[in-house]
Structure formats: structure tokens, C-alpha cells
Amino acid sequence: MVVEYTSVSDKDFKPINCIACGHDTLACCNHKIIDRQDLGTPTVHRIQQHEKVLWKCKSCGTRFSIINPKIDFDSSFTSDVKIYVFKRVLENGDSTTRVAADLKTLHNVDVDVSTLLDWIQKKKEQDMNAKPGTNARSPRTKEATVICLDGTFKAVTPKKNDPGSEKDEPSCLHLTRLKDGRLAAYWESGSEKKKRSRS
Ligand SMILES: [Zn+2]
């Protein structure tokens, strides 16, 4: 089996200014490689390696990471895999069982049927929310809770039995728009929550 790697780095999208104080004294204070399964062929297993970077402002100490526009930050799979699933299940009407089997044998992507069902459910909710006139809360709010905290990096997929994943993290996560229009995620330093790392 041939394994092909592609790489995406947050360093290609380095923020210009600190999101808290505005100084341009930013440095990489931590980084981690996250592997995501990509759409392959019957003989090629493709892996996307994402270098996730934690930036630190040397001036005020604020640490933050950005949402890399090239990747689905909440998933262990690339967006190509998801698009493939949406096209087959939602547009062609194929069964999720069949699509999961084809992903395994034809594209070397190992994914559970339950994961596909979860994607489809979220996709339907997103499409519903995108329609004008609906006041439903965007699922994006919930997904943001999986962004790294307190200088360590945690799993990009929230664990089902993790009691803290829903109630603790949203309260200390902040989103802001950078000067160049990109969205940045950060958290305030000094919080009690920071000491409870589960990495
Ligand atoms: Zn700063």
C-alpha cells in the first residue's frame, strides 16, 4: 500500500497582529501535527498532515490559534471526504452503509457508518440554518469548543464521554475578526480552567 502525504500549516496563515493588544510581536509557542484521512484510491492511502500552531504575543502574553481556512478543524477527515459522502448520500441517494464500504475499498478511507450519519445530520442542520427566516442557532458555535486550550493541544474530535467538553470550554473561548478579515480563536490567560488540562 502506497501512502501519500500532503501538508497544510497554520504558518502559511500567520496572523499579523495580536488579537488582544494589536502588537506584531507574535511567535509560534507550540505546534502539533494532526493527521486527517483524505480521499485516496484503491491503491493509494492519502493522509493530510495539518501543522496546528499556537501563537503567543511577546508583548501581552495572549495565546491563540487561528481557524485555518484550508481545513475542517473539527474533523479527522478532509473536506473532500465529506463532500464525497454528501454527493453520494444526499444527491445520489446511496446508502451510508454502501458509501462507507466504498470509501474503505475504493478510497482507503476508514470511517464508521455512524460518523457518516452524524455528518449528514449536521449538514442538514447547517442547510436549514442557512435558509433565511430561521432563528436556529448555528452548529458552528458548538464546534468551536474543540479548539485547543491553555497551550496544549487536545483531540480535534470531542470525546463522547468527556463530561467537560460541553460545559466548560465555550465560556473561555473567544472569536474575533482579524484586520485582514480572517477569523481567529483565542482564550484569555490566567483562567482557573487553564489548569485543568486534559491533554
Ligand atoms: Zn498582545
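M1 lies in the segment before strand β1, which spans residues 2-9. M1 is exposed, with a relative accessible area of 67%; exposed means over 50%, buried under 20%, and partly exposed in between, with a 1.4 Å probe and protein chains only. The model is predicted, so local features need pLDDT of at least 70 and side-chain atom pairs count only at pLDDT 80 or more, while totals for chains, interfaces and linings use all residues. Residues are numbered from 1 along each chain as its sequence is written, and side-chain values use heavy atoms, with hydrogens and water left out.

**Overall make-up**

- The protein has five helices and six strands, where helices (H or I, at least four residues) and strands (E, at least two) are DSSP runs numbered from the N terminus.
- Along the sequence, these elements follow the pattern β-β-β-β-α-α-α-α-α-β-β.
- Of the 199 residues of the protein, 42% count as buried.
- The accessible surface of the protein comes to about 11,300 Å², and 50% of that surface belongs to carbon and sulfur atoms; accessible areas come from the Shrake-Rupley method with a 1.4 Å probe, and for residues only the protein chains shown count as cover.
- Among contacts in the protein with a separation of 6 or more, 63% are between residues 24 or more positions apart; contact means heavy atoms within 4.5 Å.

- M1, V3 and Y5 form a nonpolar patch on the surface, with about 350 Å² of accessible area together.
- Patches are made of residues with over 30% relative accessible area and no salt bridge, with like charges joined within 9 Å and nonpolar side chains (Val, Leu, Ile, Met, Phe, Trp, Tyr) within 5 Å.

**Zinc site**

- The zinc ion is coordinated by the SG atoms of C18, C21, C57 and C60, at 2.3 Å; donors are N, O and S atoms within 2.8 Å of the metal (3.2 Å for Na, K and Ca), and water is not among the atoms, so sites may look incomplete.
- The angles among the four donor atoms run from 105 to 116 degrees, and the site is tetrahedral; four donors count as tetrahedral if all angles lie between 85 and 135 degrees.
- Ideal angles for four tetrahedral donors are 109.5 degrees.
- The donor residues are spaced C-x2-C-x35-C-x2-C in sequence.
- C21 is partly exposed, with a relative accessible area of 33%, and C60 is partly exposed at 35%.

**Salt bridges**

- The structure holds nine salt bridges, each defined as a side-chain nitrogen of Lys or Arg within 4 Å of a carboxyl oxygen of Asp or Glu.
- R88, D94, R98 and D102 are linked in a network of salt bridges.
- K104 forms a salt bridge with D110, with the closest N and O atoms 3.5 Å apart; K104 is partly exposed at 45% relative accessibility, and D110 is partly exposed at 46%.
- K122 forms a salt bridge with D118, with the closest N and O atoms 3.7 Å apart.
- K122 and D118 are four residues apart in helix α3 (residues 113-130), so they are separated by about one helical turn.
- K122 is partly exposed at 32% relative accessibility, and D118 is partly exposed at 36%.

**Two buried loop residues**

- N108 is found in the loop between α2 (96-107) and α3, and N108 is buried, with a relative accessible area of 16%.
- The phi of N108 is near 55 degrees, a positive value in a residue other than glycine.
- Most residues other than glycine have a negative phi.
- I71 lies in the loop between β4 and α1 (79-91), and I71 is buried at a relative accessible area of 10%.
- Leaving aside neighbours within four places in sequence, I71 is in contact with V8, R36, Q48 and H50.
- The C-alpha atoms of I71 and R36 are separated by 9.4 Å, and these residues are 35 residues apart along the chain.

How values were computed: Four donors count as tetrahedral if all angles lie between 85 and 135 degrees; four count as square planar and six as octahedral if opposite donors are over 155 degrees apart and all others between 65 and 115; anything else is irregular.
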